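Hello,

Here is the structure I said I would pass on. My notes on what was found follow below.

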Amino acid sequence: MSKRFTIAYWAGFGIVLALLTVAPLVLPEFWRRFLTEILIWGLLAMSSDILIGYTGMVSFGHSAFFGLGMYGAAAALLMVQPPNLWLAIAYGLVGAAGVALFVAYFSTRLRDIYFAITTLIFSQIFYVIIFTWTEVTGGENGLTFRRPALAIPGLFSVPFTSETLHWFVLGVVTASYLVLRRITQSPFGMVLQSIRENEARTRAIGYSVERYKIVAVMLSGLFAGLAGVLYAIQNRFAAPDFVYFLVSGEAVIFNVMGGIGTLVGPIAGAGFFLLLREFFGRIFGDQFPYLIPVGIIFIIMIIFMPQGLLGFARRWLNR
Amino acid sequence: MSSADRNIEPLIAVEDIHTYYGKSHVLHGVSLKVGKGEVVGLLGRNGVGKSTTLKTIMGLVHPHRGQIRLAGTPITSLPAHKLARLGIGYVPEDRRIFRLLTVMENLRTGLDRSGVTEARKRELLDKVFAYFPVLAERRNQAGGTLSGGEQQMLAIARAMMLEPKIILLDEPTEGLMPRMVWQIRQIIDVLHREGVAILLVEQNVPLTLEASERVYIMEKGAVRHHAAASALKVNDAVIHQYLGV
Amino acid sequence: MDAILAFLQAVPYDQILIQTVNGIVTGMILALVASGLTLIFGIMDVVNFAHGELFMLGAYIGVVVLATSGNFWVALILSTLTVALIGAALQVTTLRPLIGRDPLTTILATFGISLVLQNYALWAFGPVARKIQEPFTGYFTLFYLEYPWYRLLIAGLSAAIIGGFWLFLKYGTYGIWIRATTQDRVMAQAMGIPVPWVHTFVFAIGAGMAAASGVLFGPLVGVNHAMGLDWVLKAFIVVVVGGMGNLGGSIAASIFISLLEAYASIWVSPAQAVIVSFVVLILTLLFRPTGLFVPTPK
């Protein structure tokens, strides 16, 4: 039985992966970029799922991690010439990890709503710092930079095309998914889920709950930062808007809409949300406040479909 | 056993209710009846579901299966506040008076209903202060400053403000001194004399057998035995079997 | 000795006094907004992310009513009542179905509402800020500055509204219902109090208070669709620092934080002065998580 399931699961995974790989070859430019963006936001929402879906901690701090990943990459791409892809990733991850550690240290000792509010405040702290420290961060206007080439130093260097960029992003996101999946199914992941189910009992058994939470936040922060790096590379700019807490809110929305605790759900949620946005924009024109119907759909989903789009498959996806 | 055999519609009829807390199946088909003005006891060890039964009757917990009727009318899915207005009073374990409200304000939560004249309100207050003079003394004190026994009295007095047809009493003598236990016993008698039915959940077996006309005994989430109190008084064996005392 | 004198002379007393007044004025408005928020949380455990948008909506309705009627007070009253009704409608349709579920769902639902309201305002009124005209102009001299009377009116009126509400809670008929429900929702129901309606009523009051703050504050800044965001953040900080569900605490915290920020703005820009409130929040959470002005529970 389990063998059949594993085959079915990986077959499904393979099919989806194949579709996403082939897509840029058949889609027009706009949709190619659109798909890439879905993947990037999906990665951000997936990182949020580690906290919300697996550890049971609602966090609004992801915009800080995302933003620092973005600005970290920007720093690498502006300060080191020629712009180096791997350095950008490294700087971004370090930046995000640093912020995650900072936030984790202060917030993890708090419970529930206080944790959520504190992470939100931290996002805003970083927003204010980035917004006002114009000399370093470009303030309101952000930073622009060139996209680095896909390069392995000494071997080859090829500038990204929108297809290859898409494949690169797809590769990173897929790898992230596999890594996170492995982690959530490991003993560590099991402890996180036990914290979600019953924190007091987990603590009583003897686990140092705070330490696990800190690691969870850092893990989440790392992947959120990675999403930020990818975004920076794709769009070639970094702006404070992405550090504003609304971005965290959106990540949480994608996560919940797609189904928490599923890891792929958030990606589906991001796709669903962005597609809805596009759809409304097309039908009603650019000026239409697409967020009104999308917001209403979101509220209706929370009331009637709280498990999200993929929530029904939650148990399968976690086997 | 006569009142149980009469075919008059009982005041409260609980029919085969199954209640869950989450996934936990707590009540496995509880059935019981309380007639108008009757005092009925509900005994059982800790954790058998006595409090849950009361909470289900009070509409604080909804059963998955089964029916509850008040004077014939089904009330199973009604919310607690409607049931309170229909005449069911509830005095929970650990009293749960409003600690930050004064004694007077606690009483007013039951008193301030539509359809009650100021004169009637005055009457009810006077009556309750006559039964519980200590509450009259402390009427402007915060509920949290009262002693355990005084809080118990306030909890009962508060329920009486609803002019209920039946009061659900959950372990009213728990943790009280013998003198207070005696006072509770008096109150039960007074209520009985006024025609208020009582469903009494208790750990204190002698008190229950004294005060009640009939007694149900629960075990593992269902009613296992039902007899007149007088019959149980002479038949220790049953008590031993279910309660181990 | 000279150094001390020099220091004392360097202290900008006039600035400090002006900022004290400013701080109290802003603090009272913040208190009005935060009172609604803490009330809602205290009674139904709902973190109302849309509270800032109710503030913003109140301001906009004020703009519209003012334009048609020409009277500030009519605008204030109509706006408060309208938003209270809107709040009640929102609570009944979106929050009642969520009772008993994971608290995350109410956070998300109110977040969704805030998005919808914000974008509605943007669409209906456009991105350009509107202005509400004060009901009267007029200044008195505070040092070298002409200080508007209107600002003092705001502080006074906010205090009056909060005070009036507090009296209602203590002595009004339904005040007992609200206090009982806040303390023990279950027993309140068992006493016949129609708890679902009490929840709706309190939500409506909170919304009304937010709207009133919006109209009162309108003349001080431009009315635009994003004005709620900063306020909701500050209000959350105040509610946590003051102790969640604690009315007196949030009022004290509002004034405390606003004063600190006002003083800070003597030396740094207002955009940076907000960091003060963040720092206060973090310190509170680290050392007195139940609230700065709440005695530590035994």
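Chain B has 11 helices and 10 strands (DSSP runs numbered from the N terminus: H or I of at least four residues for helices, E of at least two for strands). This is a predicted model, in which local features need pLDDT of at least 70 and side-chain atom pairs count only at pLDDT 80 or more, while totals for chains, interfaces and linings use all residues. Residues are numbered from 1 along each chain as its sequence is written, and chains are lettered from A and ligands numbered from 1 in the order in which they are written.

The C-alpha atoms of chain B fill a box of roughly 45 × 40 × 35 Å along the principal axes. Of its 245 residues, 43% count as buried (20 or more other C-beta atoms within 10 Å of the residue's own, with C-beta atoms placed from the backbone).

Among the contacts in chain B with a separation of 6 or more, 69% are between residues 24 or more positions apart (a contact means C-beta atoms, placed from the backbone, within 7 Å). Leaving aside residues up to four places away in sequence, B:Ile198 touches B:Val39, B:Ile166, B:Ile167, B:Leu169, B:Ile188, B:Leu191 and B:His192.

Chain B also meets chain C: 21 residues from chain B and 16 residues from chain C take part in the contact. On the chain C side, α7 (173-183) and α8 (185-190) each supply at least two residues.

Regards

Definitions and conventions:
Two residues are in contact if their C-beta atoms, placed from the backbone, lie within 7 Å. A residue is buried if 20 or more other C-beta atoms lie within 10 Å of its own, exposed if 12 or fewer, and partly exposed in between; C-beta atoms are placed from the backbone.
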